[in-house]
Amino acid sequence: MKQQNPYTLTFGKEPTQLIARAAQSQQVIDAFLGEPSAQQVYMVTGIRGSGKTVFMTEIARKIASQKDWISVELNPERDLLTSLAAKLSSENELARLFQSAEINLSFFGFGLDVKSAAPITEIETALQKMLLSLKKKGKRLLISVDEVTNTPQMRAFAAAFQIFLRQDLPVYLLMTGLYENVSALQDEKSLTFLYRAPKIHLGPLNIGTIAEDYRSVLGLGEQEGLALAKLTKGYSFAFQVLGYFAWENADDPRAARQLARQYLDEYAYDKVWSELSRKDREVLCGIAQVKSGRIGDIRELLGLSTNEFNPYRQRLIRKGIISGDERGYVRVLLPFFDQYALAHYDLG
């Protein structure tokens, strides 16, 4: 019987082979668990496929295992406040706690009817009472929201959460999203606490750690493992995709890389490309053509001044597509994406 492939091609699914971002996840956990808590909100950004969902899930699971902690994940496309109240009241232990606190939620159809108390008809008021009862029992609540966008329901939830913080209620928030979506939400003038909230950007994984994983799991030699790891450029999704096809095509490394590249194009890069403006694409193609990565040469090729080039450079850096770590140079962070850009620019 063939052994199951330890790598996964599914976005957001926690794979068997996982390279943990231990320092960053511990930063969040320590801040939340501290007495008193150092932070109550963290925002996680990164390009598609950088591992945001897996990172969030790992933290939520570790915190949920702590005594007196409750963890709830909310769907950003739903009415988040109503969903939160519904999820909390559906837990038997918590339902009994809310009943003993005479919190009547029958108006919302949750089935939590307390005959001795009038029904609460406003969802924020209901949640304030629920959270206060949790506080009195020494419990704390972690709320996770994956892939946030600047929607009316997300803004309403964030505004209510800001009130909960001011009332010193035991709530904690972990949100993930693309840089531009998180920034759009933070820029809302009424949500100042989000603007001040610390952000964790998920950049490339460590190449040496990836190489060690490939050597031990795929049975590769030292040089083979390092060569395959370098192909990923540390991109989390590419680590899984290249590992998956290398496992499936152990006798044909060339076919494995060709299949991996095709999969990255179809399931990651088509979406990344579609979210770039025409000018973003033009600048990216200029970067892809200049192999040295020297900014002066790229600007000369594109016919752009420093002031014209810099806004696009900064935007591509924030999106996680290029790196500007070395002064005067830029490089494409995603494996094979320079070739993808050159092949698709005229079609854009």
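Q: Let's start with Tyr-42: is Tyr-42 buried or exposed?
A: Burial is read from relative accessible area, and anything under 20% counts as buried. In this predicted model, Tyr-42 has a relative accessible area of 4%, so Tyr-42 is buried. Tyr-42 sits in strand 1, which covers residues 41-45.

Q: Which residues is Tyr-42 in contact with, leaving aside its neighbours within four places in sequence?
A: The list holds Gln-27, Val-28, Ala-31, Phe-32, Leu-173, Leu-174, Met-175, Pro-198 and Ile-200. With Gln-27 there is also a polar contact, side chain to side chain, at 3.5 Å.

Q: Now to charged pairs. How many salt bridges does a search of the whole structure find?
A: The search finds 14 salt bridges. Asp-68 is in the loop between helix 2 (52-64) and strand 2 (69-74), while Lys-139 is in the loop between helix 5 (123-136) and strand 3 (140-145). The two are 71 residues apart, and the pair links distant parts of the chain.

Q: How does accessibility look at each end of that pair?
A: Take the two ends one by one. Asp-68 counts as partly exposed, because its relative accessibility is 27%. Lys-139 has a relative accessible area of 15%, so Lys-139 is buried.

Q: Which residues are linked with Asp-68 and Lys-139 in a network of salt bridges?
A: Lys-67 and Glu-93 join them in that network.

Q: What is the distance between the closest N and O atoms of Lys-319 and Glu-180?
A: Those atoms are 3.1 Å apart, and the two residues form a salt bridge. Here, too, the pair links distant parts of the chain: Lys-319 is in the loop between helix 15 (306-318) and strand 6 (322-323), Glu-180 is in helix 7 (residues 179-186), and 139 residues separate them. Lys-319 is buried, at 13% relative accessible area, whereas Glu-180 is partly exposed at 27%.

Terms used. Residues are numbered from 1 along each chain as its sequence is written. This is a predicted model: local features need pLDDT of at least 70, side-chain atom pairs count only at pLDDT 80 or more; totals for chains, interfaces and linings use all residues. Side-chain values use heavy atoms; hydrogens and water are left out. A salt bridge is a side-chain nitrogen of Lys or Arg within 4 Å of a carboxyl oxygen of Asp or Glu. Helices (H or I, at least four residues) and strands (E, at least two) are DSSP runs, numbered from the N terminus. Buried means under 20% relative accessible area, exposed over 50%, partly exposed in between (1.4 Å probe, protein chains only). Contact means heavy atoms within 4.5 Å. A polar contact is a pair of N or O atoms within 3.5 Å; within protein, one must be able to donate a hydrogen and the other to accept it, and residues adjacent in sequence count only if both atoms are side-chain atoms.
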